[in-house]
Amino acid sequence: MKMRALANTGLELSSIGLGEMPLSLSTRPSEEHALSVIRGAMEAGMTWIDTADVYCADHRDIGHGERLAAKALKEIGDDGKGIVVATKGGLERPNGDWVCNGQPSHLRKACEASLRALEVDCLTWYQLHAPDEKVPFSDSVGELSRLKEEGKIQHLGLSNVRVSEIELAREITEIISVQNRCNPFDRNSFDNGVVSYCHQENIAFLAHSPVGGHHGHVRTPEDPALSAVAQRMNISAYQVCLAWLLALSPVIFPIPGASRLESARSSASAADIELGDIDLAELNLAFPVRV
């Protein structure tokens, strides 16, 4: 699989990462099945996993995704030592709901719980899951910066943010990544300048829900432009989505979720798909974006 530099960290990661969320929500498959999906994704060339403490069923299940990733890497053995796990904190799951909590005290507890769940002394990559409108953004980022100074976090990222929030965070600490929803149908991060800002500043942009998301992916194979390119290239429309995102900027890292081994392998293979000029022109006409 083709690799990409992760900002200025010195790390090189597979251009497509595994979105772990579908393996941990209340609709998740068995643990044995989930572990086989992670192993298959790594065997197909993915070198990193995106998870979060709140990828779980509810508040009684916090850390499920992190514990699953840790178990998978243990089972993989030596081959799993180079796999990077990116996790997140800043949300809670009371009775299965999704609630922001950017309080510094919560972020500290969440970070320390993630260290235990992943069984590490330092989190390689930790992201603020979302801004909390009840807490000054600088307070949330400031606490993460302190955790980094204490050696509990190596690299920091943000999720679900605007350019103004990225700029504010960078006044406090180094930010290596931004994770926002992004696919041919959800182009807000292009329209609001976030992708362009990341491209100019060499900040990794992690495109979550890159083929449409949990409910929106059904649109993908039905779209005329995506299906036309897919048919010409004898690939799936989902692979076209991933290849299109990769072609737009070297800082874009799609993170498709997968609950089936076949999906993980298909997503991984999209990293090596080269769209031609005609294909890109057709897709860019159908999905106009600015980078």
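## Buried face of helix α5

A residue is called buried when its relative accessible area is under 20%. By that criterion, helix α5, which spans residues 163-172 of this predicted model, has Val163, Glu165, Ile166 and Ala169 as its buried residues. Viewed down the axis of α5, these buried residues fall within an arc of 160°, and they therefore line one face of the helix.

## The open sheet

Strands β9 and β10 belong to an open sheet of eight strands with parallel pairing. The strand order is β3-β4-β5-β8-β9-β10-β11-β12. At the edges stand β3 (18-19) and β12 (252-255); each has a single partner strand, so one side of each is left without a neighbour in the sheet.

Within this sheet, strand β5 (residues 84-89) runs parallel to strand β8 (residues 123-128), and four bridges join the two. In this pairing, Lys88 stands opposite Gln127 in β8.

## Packing of α1 against α2

Two packed helices are described by the angle between their axes and the distance between the axes. For α1 and α2, the axes come within 10 Å and cross at roughly 60°. The crossing of α1 past α2 is right-handed.

On the α1 side, the contact is made by Glu31, Ala34, Leu35, Ile38, Arg39 and Met42. Helix α2 contributes Leu68, Lys71, Ala72, Glu75 and Ile76.

Asp58 is located in the loop between β4 (48-50) and α2 (64-76). Its relative accessibility is 12%, and Asp58 therefore counts as buried, since the cut-off is under 20%.

The side chains of Asp58 and Arg60 are joined by a polar contact of 2.5 Å. When neighbours within four places in sequence are set aside, Asp58 is in contact with Arg93, Asn95 and Gly96.

Pro22 occupies the loop between β3 and α1 (31-43). With a relative accessible area of 26%, Pro22 is partly exposed.

Which residues does Pro22 touch, not counting those up to four places away in sequence? They are Arg28, Pro29, Gly257, Ala258 and Ser259. Pro22 and Gly257 lie 235 residues apart along the chain, yet their C-alpha atoms are separated by 6.2 Å.

Technical notes
Residues are numbered from 1 along each chain as its sequence is written. This is a predicted model: local features need pLDDT of at least 70, side-chain atom pairs count only at pLDDT 80 or more; totals for chains, interfaces and linings use all residues. Side-chain values use heavy atoms; hydrogens and water are left out. Two strands pair if DSSP finds at least two bridges between them. Buried means under 20% relative accessible area, exposed over 50%, partly exposed in between (1.4 Å probe, protein chains only). A polar contact is a pair of N or O atoms within 3.5 Å; within protein, one must be able to donate a hydrogen and the other to accept it, and residues adjacent in sequence count only if both atoms are side-chain atoms. Contact means heavy atoms within 4.5 Å. The arc is that of the directions from the helix axis to the C-beta atoms. Axes are lines fitted to C-alpha atoms, for helices over the stretch in contact, and angles run from 0 to 180 degrees between N-to-C directions. A crossing is left-handed if the near helix is turned anticlockwise from the far one by less than a right angle, and right-handed if clockwise.
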